Amino acid sequence: MAWRAGLDFRIHVNLLVPGDKCKVFLVWALKKRPKEYHHFVCIVSKPFSQGLRGFAILVAWLVFFISNVTAAERQLSITATGAVGDGATINTAAIQRAIDTLAGNGGGTLVIPQGKFLSGAIFLKPGVDLHLDQGAVLKGSTNILDYPEMETRIEGHSQVWIPALVNASNVDHLRITGEGMIAGGGQPFWDEFWKAREANKDVTNLAVKRPRNIFIQYSKDVQISGVSLRESGFWNIHLFRCKHVLVDKVDIRAPDHSPSTDGIDVDSCQNVAIRNCYISVDDDNIGIKGNKGTSALDDKTFPPDEHIRISNCTFGLGNAALTLGSEATLVRDVIIENCKLTGTNKNCVLKLKLRPDTEQHYENIVARNITVDNPTAELVSIQPWLQFFDLQGKSAPSQSVANVTLENITGALDGFGRVDGPEKSTVKNLDFKNINITLKDPDVVIRNVMHLKFTNVKINGVAYTGD
């Protein structure tokens with residue numbers, strides 16, 4: 001409905017002396033509605049004390065009822081502002097008009113109904129949630145002009161680039177829910193990138209503009225639940241400087257050869273929970289990101305990534321179920337647990353990328369209770385990340401990794417992986433506990449580690465002590 005409920009209610013109370021009767025009169029009205037929707041309620045109580053109790057119950061019921069009526073009336077379908085779900089009509093303006101209408105009327109829920117709604121970049125506003133009905137598809141335009149360039153956060157810094165399909169900034173308490181789908185216009189953007197890379201192997205990610213599916217920044221108490229994400233031109237979900245985020249029961253997929261289609265990138269955020277998700281993409285399933293470059297730590301107000309919890313997720317294709325970096329500086333207290341790696345495509349349980357041009361500190365990282373049933377996967381990678389680094393004429397900074405634990409891991413994998421930090425790095429307190437894995441390649445490569453420990457580790461049925 002285009003109209004918004006305005007509630008006008010008046011409570012008249014007649015309280016007589018104890019032992020007498022108490023009358024409570026309640027009148028409420030929905031503004032701008034026919035007279036038949038106006039109500040008058042009269043309650044005649046028993047004795048005074050019982051009247052007060054009844055009055056309290058009535059008020060509680062009223063608050064509950066009114067809040068639900070108000071919430072329901074604040075839902076606005078994008079079709080009410082002219083959106084057409086035929087998969088061909090560009091609906092950017094109509095969808096943004098619906099968002100603006102809700103925001104102007106105090107907030108509410110933007111509803112995308114069943115149908116395929118083509119759109120360029122849209123911008124959610126404070127108080128406006130997004131719900132996708134079952135069978136709803138918010139389809140990203142393949143025209144780059146539908147994503148007007150602006151200042152945005154991307155790959156460890158801010159610059160003028162293109163926005164995501166769905167954008168939100170300073171939107172505390174945002175909810176993105178439903179059983180529908182957000183599907184970027186991926187294929188043409190992927191093709192353009194590979195064409196550029198074929199012509200010049202030094203082409204970087206940012207040289208070929210590709211929209212993300214969702215970008216949320218500077219927000220607290222954010223929840224994304226139930227939706228599916230497909231065909232992102234670039235990263236699927238990018239969270240920047242957010243706090244208290246829950247991503248639950250989200251299904252994220254991108255095919256092989258879809259460049260940089262990270263599942264979820266947690267960038268300079270705190271208290272993030274990711275659970276019950278399925279992620280299969282041609283890059284990092286979950287990436288922990290931050291700043292990069294020789295001056296990455298100069299801004300002391302920049303927050304670390306910390307208190308990240310990943311649980312009960314399943315990972316298919318990916319560079320790693322959990323990756324720290326490549327652009328990241330301070331990362332601590334990250335746990336991935338009770339998860340599975342499945343399928344037959346590349347993946348790795350835990351990967352720590354160490355950039356030669358960035359001072360990095362990774363500490364208190366745990367991967368536990370992981371089952372791997374993927375003959376092409378690896379267990380762990382802690383290595384230099386040499387792709388497109390730039391010292392800018394300065395000496396190389398150092399990196400430190402401390403207190404990393406891999407525990408209670410079972411299954412069949414391709415190989416153990418590799419631990420070999422850069423020359424200026426320090427890797428210490430690396431623990432492997434209660435691990436029973438079968439490897440096609442039994443070699444274990446671990447170098448430059450202080451305080452390395454193996455406890456109850458079996459590889460191909462044989463106890464391994466690191467000797």
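His451 lies in strand S36, which spans residues 449-459. In this predicted model, phi of His451 is near 60°, a positive value in a residue other than glycine. Glu155 likewise has a positive phi, near 50°, and is found in the loop between strand S11 (150-154) and strand S12 (157-161). Most residues other than glycine have a negative phi, and most peptide bonds are trans. The peptide bond from Gly325 to Ser326 is cis, with omega near 10°. Ser326 belongs to the loop between strand S28 (322-324) and strand S29 (330-342).

The table lists relative accessible areas for residues discussed in this report.

| Residue | Relative accessible area | Class |
|---|---|---|
| His451 | 55% | exposed |
| Glu155 | 11% | buried |
| Cys277 | 3% | buried |
| Cys313 | 1% | buried |

A search of the whole structure finds zero disulfides. For Cys277, the closest cysteine sulfur is that of Cys313, at 4.6 Å. For Cys313, the closest cysteine sulfur is in turn that of Cys277. A disulfide requires the two sulfur atoms to be within 2.5 Å, and the 4.6 Å between Cys277 and Cys313 is therefore too far for a bond.

The largest nonpolar core contains 100 residues, of which Ile216 and Leu406 touch the most other members. Strand S33 (residues 399-420) gives the most to this core, contributing seven residues. When residues up to four places away in sequence are not counted, Leu406 touches Leu350, Ala367, Leu379, Val380, Leu430, Phe432 and Ile435, together with Asp431 and Lys433.

Note on methods:
Residues numbered from 1 in each chain as written. Predicted model: local features only at pLDDT ≥ 70, side-chain atom pairs only at ≥ 80, totals over all residues. Heavy atoms only, no water. Buried < 20%, exposed > 50% of the residue type's maximum accessible area, 1.4 Å probe, protein only. Core = buried A, V, L, I, M, F, W, Y, C linked by side-chain atoms within 4.5 Å. Helix = DSSP H or I, 4+ residues; strand = E, 2+ residues; numbered from the N terminus. Contact = heavy atoms within 4.5 Å.
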